[in-house]
Amino acid sequence: MPATESGPHAPAPVPLLRPADGLPDVVADRAALDRTAESLAAGTGPLAVDAERASGFRYSQRAYLVQLRREGSGTALIDPTPMGGDLSPLAPALDGPEWVLHAASQDLPCLAEAGLRPARLFDTELAGRLAGVPRVGLGPLVENLLGLALEKGHGAADWSRRPLPEDWLVYAALDVEVLVELRNVLADLLERQGKLEWALEEFEAVRTAGPPAPRAEPWRRTSGIHKIRKPRPLALVKGLWEARDTLAAERDIAPGRVLPDAAIVEAAVAAPENPHALAALPVFRGRAQRRLTSYWFSAISAASRLPNEELPRPSPPNDGPPPVSRWADRDPDAAARLSAARAALAGIGERWTIPVENLLQPDLLRRLCWTPPEDGEVDAFLAAGGARSWQRTLLREPLEQALQSRATTT
């Protein structure tokens, strides 16, 4: 039975220390992959799926380990690297069953890159949010709903490392061992709350979302860039960021390990006039950076020679509403509409124990309140913005009423 008690008198969770069936050998060649496909095809019920990347260590977001588990076939740990990252021979066996993942949007891109795509999906993290569970990390969900304690600590590890340590593999195997049981408890909870159909709509939206659109100016996300306001130093940030990104991609190393953001900002502020001045800056004094001095200074020099008309704008382009802090001055009625809409969503979220951000994307809400549809078709506006049927049914009338709000005059 799931453990749902919490607080000082709740029973202590039972630690999961080893896989129930023992730690399986890592699948690392085509013959073993074919046998794994046969075993999974012969299994029954949903398929637990997880993937480990090397975020923070590698430039790519490819999977370095894929974990699968299904009733009747047990757990499989698969290393895509020796097979060129191609796990498509598994695809026919995995095409039928429902996939159970935690925070699926994080893993689906790297699984698709390996040739694996689900036909149906259940996301335990998203299910927990819709069910109103306060903490939706995998560990807290498993502890709260199953009374089990997962060993944590390797999720942010460098999974491109070879050979993989045994304790990492144990961690990886345990992550899929409990997923199907957790899925069943959450599905039952959602059914009792009258939200299961809503959740299924959300899962399908995640499954079919596809990769996110590339950012228009990704270099503007450089940490510390807020210190820089003028176009010329911003051009130096952009030039160094792009040079770093090129080198990081070539070497498959996380950009921050090639050159820290702080070093980019520092160089942009200092605007060194020659390679020696650049090499005198703290981060650029290091042995690894000294070998790249000419490379980095070339990017700085190119940015320094840009004509004024080619310099970046002080602020990023924006096709949406202005910052909410400016609404009261620029359009008081829009500010009143947003305030009323937020209050309506807060009430609905409290009534249904759903986080407000899961009721409607905050950006879509702002766009609706800043520029309401001229024809008054709120439902069509929400649909065009990607809102699901359950969200539109729940929110259409309250939002229509909120859009009638006007600023008070004194």
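Student: How many bridges join β3 to β6, and do they run parallel or antiparallel?
Tutor: Two bridges join β3 (residues 44–52) to β6 (residues 99–101), and the strands run parallel. Strands here are DSSP runs (E, at least two residues), numbered from the N terminus, and two strands pair if DSSP finds at least two bridges between them. This is a predicted model, in which local features need pLDDT of at least 70, side-chain atom pairs count only at pLDDT 80 or more, and totals for chains, interfaces and linings use all residues. Residues are numbered from 1 along each chain as its sequence is written, and side-chain values use heavy atoms, with hydrogens and water left out.

Student: What is the bridge partner of Leu47 in β6?
Tutor: Trp99. Trp99 also touches other residues, including Val49, Leu108, Pro118 and Phe122, not counting residues up to four places away in sequence. Contact means heavy atoms within 4.5 Å.

Student: Which core residues have the most contacts inside the largest nonpolar core?
Tutor: Ile78, Leu90, Trp99 and Leu399, in a core of 82 residues. A nonpolar core is a set of buried Ala, Val, Leu, Ile, Met, Phe, Trp, Tyr and Cys residues joined through side-chain atoms within 4.5 Å. Buried means under 20% relative accessible area, exposed over 50%, partly exposed in between (1.4 Å probe, protein chains only).

Student: Which helix gives the most to that core?
Tutor: Helix α7 (residues 179–193), with seven residues. Helices are also DSSP runs (H or I, at least four residues).

Student: Back to the sheet. What is the strand order?
Tutor: The order is β2-β5-β4-β3-β6-β7, an open sheet of six strands with mixed pairing. The edge strands are β2 (26–27) and β7 (121–123), each pairing on one side only.

Student: And β5, how many of its residues are buried?
Tutor: Five of five, for residues 74–78. On one side, β5 pairs with β2 in the parallel sense over two bridges, and Val26 has Leu77 as its bridge partner. β5 also pairs with β4 (residues 65–71), in the antiparallel sense over five bridges. Ile78 is the partner of Val66 there.

Student: What sits between β4 and β5?
Tutor: Two residues, in a hairpin; Gly72 in the turn has a positive phi of about 90 degrees.

Student: New topic: what does the buried part of α9 pack against?
Tutor: Against α10 (255–258), α11 (261–270) and α14 (293–304). Among the buried residues of α9 are Leu236, Leu240, Trp241 and Leu247.

Student: What comes just after α9?
Tutor: Asp252, with a positive phi of about 50 degrees.
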